[in-house]
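Here is a walk through one protein chain, written for someone who likes to know the cut-offs behind each word. Have the structure open while you read.

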Amino acid sequence: MAIVEVKVPQLSESVAEATLLSWKKKPGEAVAIDEILIEIETDKVVLEVPAPAAGVLAAHVVGDGGTVVSDQVIAQIDTEGKAGAAAAPAAAAPAAAPVAAAAAPAATGGSKGDVAMPAAAKLLADNGLAVGDVAGSGKDGRVTKGDVLAAVAGGAKPAAVPAPVAAPVPAAVARPLPAVAAPAAQNLSDRPEQRVPMSRLRARIAERLIQSQSTNAILTTFNEVNMAPVMDMRKKFQDKFEKEHGIKLGFMSFFVKAAVAALKKYPILNSSVDGNDIVYHGYFDIGIAVGSPRGLVVPIIRNADQMSFADIEKKIAEFGKKAKDGKLGLEDLSGGTFSISNGGTFGSMLSTPIINPPQSAILGVHATKDRAVVENGQVVVRPINYLAMSYDHRIIDGREAVLGLVTMKEALEDPARLLFDI
């Protein structure tokens, strides 16, 4: 037997630990070299762990949901093994573990070993059920209220030999309740609950949003922009643009270019706070908020001022695909001097975006809708988009914020300005 260890990839300095998701291979199954065995979620990205060698997966050293660190061994591959050889032992081990886990509460009654949540324990007692009668879906196999309700709805009956005290409830109430209690459980059956732990990414998003609101003096300024000139230009050149560059001309490249024009004119919008210092960035790295199955991420378009419309559109499309497939890397998400959030993709009319630390400003773009506006004393219909820019009032005064947003508005209402950098 020749064993090769599968280890956690090297994590970045800012990431202390990560969480294993679900193993794609079971012990005893054949694996090919570079075949993806499992995904590891950090608070920033999801990393794939490929097989370092071909052979048979001998064992999972760390199971699904385990917390790991850089270079930790999480599995073993037998390079000389045959598929199926380890299947029987591997299947037997998990089966034994739940039995031991279930027996522990009855023997010890310790709070850590309790496998029924308090609300679930009450329902178990009310229906004359023991913990062992219901399969737990909660953390560490704990039985939740929803598990009990589902079991009752499915006709679960008490075991022939009731277990001793299997849940943290007094023995006095661990008895079948009169039949009148059944309707109560039936009435609750249409009110299911599910408790799911936050993913590392979601927890990190929550942490950063709270950090932003607690450390920045956030203020938002608004303006409206007539999108007709951009829409006309896009319509005029769309076919030629796509034929020449192999990608469609979208609206985001216009917003990125308009933002860069404003940041050049008002550098404070492109700055950040570091202690008591203001750091002015001489480059323009624009973060584009992108929705993904695991939450909101903000990949960075670096040196956006040096990129063409086609370059920007290609990069945005690349980020969108990576986000959808969970392939964004740490290098895609690190840094950034200004961000753009496009809630208009989902139909948002107006919002107040939250600054992405350590940046000092963010642009919110919304849905473009035909609206009645006044031009030269006449009411006309124009495709209007409401722009919102949130900024850190500690270092950015209202003057710079308002004039910066006006600069974006002027660039979008006369997109030829973007071509001549005026």
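A residue counts as buried under 20% relative accessible area, as exposed over 50%, and as partly exposed in between, using a 1.4 Å probe and protein chains only. With that in hand, Gly81 is partly exposed, since its relative accessible area is 27%. Gly81 sits in the loop between E8 and helix H1 (87-108).

The model is predicted, so local features need pLDDT of at least 70 and side-chain atom pairs count only at pLDDT 80 or more, while totals for chains, interfaces and linings use all residues. Residues are numbered from 1 along each chain as its sequence is written, and side-chain values use heavy atoms, with hydrogens and water left out.

**The chain as a whole**

Helices (H or I, at least four residues) and strands (E, at least two) are DSSP runs, numbered from the N terminus. On that count the chain has 11 helices and 19 strands. Of its 422 residues, 40% are buried. Contact here means heavy atoms within 4.5 Å. Taking the contacts in the chain with a separation of 6 or more, 65% are between residues 24 or more positions apart. Accessible areas come from the Shrake-Rupley method with a 1.4 Å probe, and for residues only the protein chains shown count as cover. The chain's accessible surface is about 22,600 Å², and carbon and sulfur atoms own 56% of that.

Two packed helices are described by the angle between their axes and the distance between the axes. The axes are lines fitted to C-alpha atoms, for helices over the stretch in contact, and the angles run from 0 to 180 degrees between N-to-C directions.

How do H7 and H10 cross? The axes of H7 (residues 252-265) and H10 (residues 398-413) come within 8 Å and cross at roughly 135°. That makes H7 oblique to H10, given that angles under 35 degrees count as roughly parallel, over 145 as roughly antiparallel, 65 to 115 as roughly perpendicular and the rest as oblique. The crossing of H7 with H10 is right-handed; the label means that the near helix is turned clockwise from the far one by less than a right angle, with anticlockwise giving left-handed. On the H7 side the contact uses Phe254, Phe255, Ala258, Ala259, Ala261, Ala262 and Lys265, and on the H10 side Gly404, Thr407, Met408, Ala411 and Leu412. By class, these are nine nonpolar, two polar and one charged. Ala, Val, Leu, Ile, Met, Phe, Trp, Tyr, Cys and Pro count as nonpolar, Asp, Glu, Lys and Arg as charged, and the others, Gly among them, as polar.

H7 also packs with H8, at an angle of about 115° and with the axes 9 Å apart. This crossing of H7 and H8 is right-handed. Here Met252, Ser253, Phe254, Val256 and Lys257 of H7 meet Phe309, Ile312, Glu313 and Ile316 of H8. The H7 and H8 contact has six nonpolar, one polar and two charged residues.

| Residue pair | Separation in sequence | C-alpha distance |
|---|---|---|
| Ala261 and Asp421 | 160 residues | 7.2 Å |
| Gln213 and Ile354 | 141 residues | 7.5 Å |
| Pro192 and Lys145 | 47 residues | 8.1 Å |

Ala261 belongs to H7 and, leaving out residues up to four places away in sequence, touches Thr407 and Leu418. Gln213 is in helix H5 and is exposed at 52% relative accessible area. Beyond its neighbours within four places in sequence, Gln213 is in contact with Ile218 and Ile354. Pro192 is in the loop between helix H4 (182-188) and helix H5 (200-215), exposed at 65%.

Most residues other than glycine have a negative phi, and most peptide bonds are trans. Where does the chain depart from that? Asp71 has phi near 65°, in the loop between strand E7 (67-68) and strand E8 (73-78), and is partly exposed at 44%. Asn303 has a positive phi of about 55°, in the loop between strand E15 (300-301) and helix H8 (309-325), and is partly exposed at 33%. The peptide bond from Pro357 to Pro358 is cis, with omega near 5°; Pro358 lies in the loop between strand E16 (338-342) and strand E17 (361-365).
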